[in-house]
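Here is a short walk through one protein model. Keep the sequence and the 3D view open as you read.

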Amino acid sequence: MIEINHLTKDYGDHRGIFDLTLNIKKGEVYGFLGPNGAGKSTTMRHIMGFSKADDGNITINSLDSWQDKEKIKEFTGYLAGEIALPNDMNGLQYLKLISKMRKMKSFDYADELLEYFKINPNTNIKKMSKGMKQKIAIVATFMHDPDVILLDEPTSGLDPLMQERFIDLVEKEKQKGKTIFMSSHIFEEVSKVCDRVGIVKEGNLIKELNMDALRNNEEKTYIAKFKNDEDLKRMAESYPNSIIGSEKELFITIIDEDINGLITDLSTCNLIYLKEKEKSLEEYFMKFYEGDGDD
Ligand SMILES: Nc1ncnc2c1ncn2[C@@H]1O[C@H](COP(=O)(O)OP(=O)(O)O)[C@@H](O)[C@H]1O
Ligand SMILES: [Mg+2]
């Protein structure tokens with residue numbers, strides 16, 4: 001559905017995007033992950049045909065991003081990284097204006113989305129917080145039920161609850177068969193919904209990950225707290241890589257396929273609790289940016 005072939009845009013000083021080749025299938029959710037300045041927004045703007053590439057080309061559903069941008073807009077939703085809404089109207093007026101420009105026949109889905117994100121659209125845009133503006137822009141992106149959806153750091157400015165709602169929305173759109181390309185600098189966000197993730201650094205695609213494969217054989221750390229020190233000591237000895245934390249918690253890192261063995265071993269202990277340790281963003285990033293990441 002989206003084919004990026006050798007896209008190059010050189011802004012000088014190694015800034016921009018270089019020889020990017022990427023294919024996104026119909027119905028796929030693709031995460032574009034990288035730190036600030038990696039070239040994510042540049043790529044998205046080229047997909048939308050807002051900027052002409054120095055080299056390479058992009059097609060969406062076989063239409064050329066640059067030549068056929070008006071046609072592409074009809075079936076595409078794009079949420080910009082830096083949203084700019086007009087200050088002289090309220091949210092509803094803005095959405096109605098956009099829906100008119102798109103010749104939308106129904107405003108039902110827009111109403112549904114306004115409800116879903118708990119937005120009062122009658123507020124003047126000038127008076128809206130960053131998060132509220134972001135939510136209005138999200139509604140504008142989805143309301144015409146586009147087949148292809150480009151989301152540039154979509155959850156920035158949203159509070160955690162709304163971030164979660166947003167991810168649920170992406171999940172729902174995926175169920176409808178939409179093709180979604182979403183950039184982020186937050187691994188966990190893309191890991192939840194994406195089928196594949198491309199990691200971009202200094203304008204280069206350095207790795208593509210198949211999330212299903214990753215999800216099913218991940219290394220995880222579990223934290224176990226024991227009623228007595230004997231169990232703690234015994235388990236620490238059976239798992240030589242484990243670490244005893246400050247609260248006498250045992251941190252045990254295993255790959256998924258060893259989970260049954262761990263449960264069996266733990267069943268012989270007197271436990272207070274067992275929990276999975278959440279991986280920090282940094283841990284994910286370090287893993288993929290350093291080394292080759294193949295493991
Ligand atoms: N129009 C432009 N002119 C010059 N440099 C630009 C322009 N747009 C982006 N850049 C530079 O290209 C690099 C990539 O930017 P961007 O695509 O916005 O990164 P990201 O979205 O991943 O944070 C940055 O160093 C940025 O400063
Ligand atoms: Mg950006």
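A residue counts as buried when its relative accessible area is under 20%, and as exposed when that value is over 50%. The model is predicted.

Begin with T179. This residue lies in strand β8, which covers residues 179-184. Is T179 buried or exposed? Its relative accessibility is 0%, so T179 counts as buried. Leaving out residues up to four places away in sequence, T179 touches M1, I24, K25, K26, G27, E28, D147, V148 and I149.

Now go to strand β1, residues 2-12. Which strands pair with β1? One is β4, residues 55-60, which joins β1 in the antiparallel sense over five bridges. There, I4 stands opposite I58 of β4. Another is β2, residues 15-24, also antiparallel to β1, with seven bridges. G12 has R15 in β2 as its bridge partner. β1 and β2 form a hairpin, with two residues between the strands. In that turn, D13 has a positive phi of about 55°.

Finish with helix α9, residues 229-238. Its buried residues are D231, L232, M235 and A236. Seen down the helix axis, they fall within an arc of 130°, so they line one face of α9. An α-helix has 3.6 residues a turn, so residues three or four places apart point the same way. What do the buried residues of α9 pack against? Their partners are the strands β11 (219-226), β12 (243-244) and β13 (249-255), together with helix α10 (259-266). The face of α9 turned away from the buried side carries the exposed residues E230, K233 and E237.

How values were computed. Residues are numbered from 1 along each chain as its sequence is written. Chains are lettered from A and ligands numbered from 1 in the order in which they are written. This is a predicted model: local features need pLDDT of at least 70, side-chain atom pairs count only at pLDDT 80 or more; totals for chains, interfaces and linings use all residues. Side-chain values use heavy atoms; hydrogens and water are left out. Helices (H or I, at least four residues) and strands (E, at least two) are DSSP runs, numbered from the N terminus. Buried means under 20% relative accessible area, exposed over 50%, partly exposed in between (1.4 Å probe, protein chains only). Contact means heavy atoms within 4.5 Å. Two strands pair if DSSP finds at least two bridges between them. The arc is that of the directions from the helix axis to the C-beta atoms.
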